[in-house]
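Please look through the sequence and the model below before reading on. The briefing that follows takes up aromatic rings and then strands.

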Amino acid sequence: MIVTPLFVIFIVTVFILTWIFANTIDKRKWVSLLISIIATPIVYFYVFYPFINIFFSYHHQKHFDSEAWKEKPALRYEMSTQVVNQNLFLGKTKDEVKAILGTSEWYGWDDSIKANSQDKWNYNLGFKPGAFNMTQECLELVFKNDEVTSISQYQMEKEFD
């Protein structure tokens with residue numbers, strides 16, 4: 001667990017709310033303090049944190065790892081920020097990209113040829129974390145002269161039958 005200023009603020013807030021609640025149970029300060037110290041981590045991790053994850057789309061970010069990309073597709077979304085922001089694959093050839101990311105899952109549409117182009121490789125990133133999210137995230141690499149010229153992330157509405 002990484003201790004950040006936001007985490008500290010949330011813990012202090014939960015502690016204060018737990019303290020106020022504990023004071024309604026017992027007026028003795030040492031009992032209220034003991035209840036608050038014991039209950040704060042429980043309330044934070046089992047009530048407050050899940051509530052935040054349901055209504056906000058916060059997600060952890062991971063450093064890009066080729067093996068994890070291939071073996072654990074559920075982690076791709078967490079690695080995609082680094083891939084896009086740092087343009088990790090710009091200038092790489094199709095063979096290099098295939099060795100790192102694996103075979104493309106589908107080819108993107110190219111209006112100039114009115115067909116799917118083998119120069120637009122797409123990878124499924126899964127769904128953006130969050131309870132009410134219905135959009136699937138995708139990563140597209142565009143090649144020109146067998147080299148990556150652009151990397152973009154886009155959303156695609158998922159239709160459920």
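The structure holds 9 aromatic pairs, where rings of Phe, Tyr and Trp (its six-membered ring) pair if their centres lie within 6.5 Å, with planes under 30 degrees apart counted as stacked, over 60 as edge-to-face and the rest as tilted. This is a predicted model, in which local features need pLDDT of at least 70 and side-chain atom pairs count only at pLDDT 80 or more, while totals for chains, interfaces and linings use all residues. Residues are numbered from 1 along each chain as its sequence is written, and side-chain values use heavy atoms, with hydrogens and water left out.

**Aromatic rings**

- Phenylalanine 10 and phenylalanine 48 have ring centres 5.1 Å apart and planes at 65 degrees, so the pair is edge-to-face.
- This pair links distant parts of the chain, since phenylalanine 10 lies in helix α1 and phenylalanine 48 in helix α2 (residues 29–55), 38 residues apart; helices (H or I, at least four residues) and strands (E, at least two) are DSSP runs, numbered from the N terminus.
- Ring pairs join Phe7, Phe10, Tyr44, Phe45, Phe48 and Tyr49 into a cluster.

**Strands**

- Strand β1 (residues 106–110) and strand β2 (residues 115–127) pair in the antiparallel sense over 4 bridges, where pairing requires that DSSP finds at least two bridges between two strands.
- β1 and β2 form a hairpin with 4 residues between them, and lysine 114 in the turn has a positive phi of about 55 degrees.
- β2 also pairs with strand β3 (residues 135–144) in the antiparallel sense, over 7 bridges, and asparagine 124 stands opposite cysteine 138 in β3.
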